[in-house]
Amino acid sequence: MKRMIIILIFSIIGQLISKDDSFKLAIRNIKLGNTYREAKNYDFAARYINDGLSVIEKSKTFDGKYWAATGYEYLGYLYRDMGMTKEAQKNFDNAVMKFKEIIKQEDGSQYALIGVLNGLSRSIENKTTLSQQQSNKLSLNFSQSKLKELPAGIPDDIQSLILRNNKFTNFPDAISRFTKLEYLDLSHNRIKNVSELINNLSKLHYLDLSNNRISKLPSNFDGLKDLRELNLSDNKLKDIPAEICNLTNLRLLNLKGNKVKFEDVLNIVRCLTNTNIIFDEYQRVDEQEEDIPGGSSFE
């Protein structure tokens with residue numbers, strides 16, 4: 001009985017430590033995202049801030065609410081910088097609401113943000129359309145929108161599209177018309193197959209298909225010649241097309257959380273010598289040990 005209690009205590013402690021580590025990493029991601037915003041790397045800014053928010057929003061503590069408000073504030077600045085004023089206003093409004101829940105003094109963050117919102121409104125009145133000035137860096141974020149299909153009205157010249165945390169079961173074929181797309185995030189959906197039409201996205205630099213149910217990739221995947229980062233982690237892949245070796249500009253390939261054979265991973269490592277490849281640890285078992293009855297060499 002005592003042993004069971006001790007095990008339970010250690011299990012609870014382990015869970016608390018794990019949650020604390022996840023919370024700290026989420027805060028780091030929010031801060032890192034804002035740093036990317038300052039550097040005008042808007043794709044990575046959106047990615048890291050949203051990653052942080054997806055964890056932080058689950059916390060009901062004061063710190064959790066504070067960093068959720070801060071995350072929305074940073075998203076507001078991000079969309080303001082990109083000229084997406086409606087998205088900026090929506091995120092600033094969320095930040096103000098969350099700050100009001102936890103901060104009561106008259107010089108709190110919520111009042112400072114109201115001033116930001118007023119300035120944003122004035123800039124909309126004084127400038128015809130900020131979005132036109134930023135049309136060369138058009139980006140849309142539909143994360144956590146419960147989407148099953150691609151929304152209508154997305155401009156054909158869009159360059160960054162974030163569709164993470166939705167309910168897609170198939171790769172949206174309509175994406176193939178966005179031939180100027182450089183950044184595509186379809187992570188955390190329910191996608192089972194990737195359409196061969198993905199080959200049309202020849203200017204794609206970043207592709208995140210992690211945390212889906214993908215079991216097979218199309219053989220023409222090598223058409224994405226400009227791809228620099230490819231995240232396929234946490235899917236159901238058993239095979240990777242040999243054509244992936246033609247992606248010579250690839251700098252990061254994440255295969256973790258799949259069932260790809262060690263020999264196949266080794267072949268990819270050999271052919272993509274300039275690529276950082278992330279994969280699961282493989283423990284090789286000696287043939288003699290495999291023949292031992294009971295499946296173990298220890299008594």
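The structure is a predicted model, and its largest nonpolar core brings together 69 residues, among which Leu-161, Ile-175, Leu-184, Leu-207 and Leu-253 have the most contacts inside the core. In soluble globular proteins, nonpolar side chains tend to be buried together. Both helices and strands give two or more residues to this core: the helices are H1 (2-38), H2 (42-56), H3 (62-81), H4 (85-102) and H7 (262-271), while the strands are S2 (160-162), S3 (183-185) and S4 (206-208). The largest share, 9 residues, comes from H3.

Which residues are in contact with Leu-161, once its neighbours within four places in sequence are left aside? They are Leu-140, Phe-142, Leu-150, Ile-154, Ile-175, Phe-178, Leu-181, Tyr-183, Leu-184 and Asp-185. Two of these partners, Ile-175 and Leu-184, are themselves listed with Leu-161 among the residues that have the most contacts inside the core.

The structure also holds 1 cavity of 30 Å³ or more, and the space in the largest cavity is about 30 Å³. Its lining consists of Tyr-42, Ala-46, Leu-78, Tyr-79, Met-82, Ser-139, Leu-140, Asn-141 and Ile-162. Helices H2 and H3 and strand S1 (139-141) each give two or more residues to this lining, with S1 giving the most, 3 residues. The table sorts the lining residues by class.

| Class | Residues in the lining of the largest cavity |
|---|---|
| Nonpolar | 7 residues |
| Polar | 2 residues |
| Charged | no residues |

Terms used: Residues numbered from 1 in each chain as written. Predicted model: local features only at pLDDT ≥ 70, side-chain atom pairs only at ≥ 80, totals over all residues. Heavy atoms only, no water. Core = buried A, V, L, I, M, F, W, Y, C linked by side-chain atoms within 4.5 Å. Buried < 20%, exposed > 50% of the residue type's maximum accessible area, 1.4 Å probe, protein only. Helix = DSSP H or I, 4+ residues; strand = E, 2+ residues; numbered from the N terminus. Contact = heavy atoms within 4.5 Å. 1 Å grid on protein atoms, 1.4 Å probe; cavity = no way out; pocket = protein on both sides within 12 Å on 5 of 7 lines; lining within 4 Å. Points joined across faces, edges and corners; volume = space filled by probe spheres on them. Nonpolar A, V, L, I, M, F, W, Y, C, P; charged D, E, K, R; others polar.
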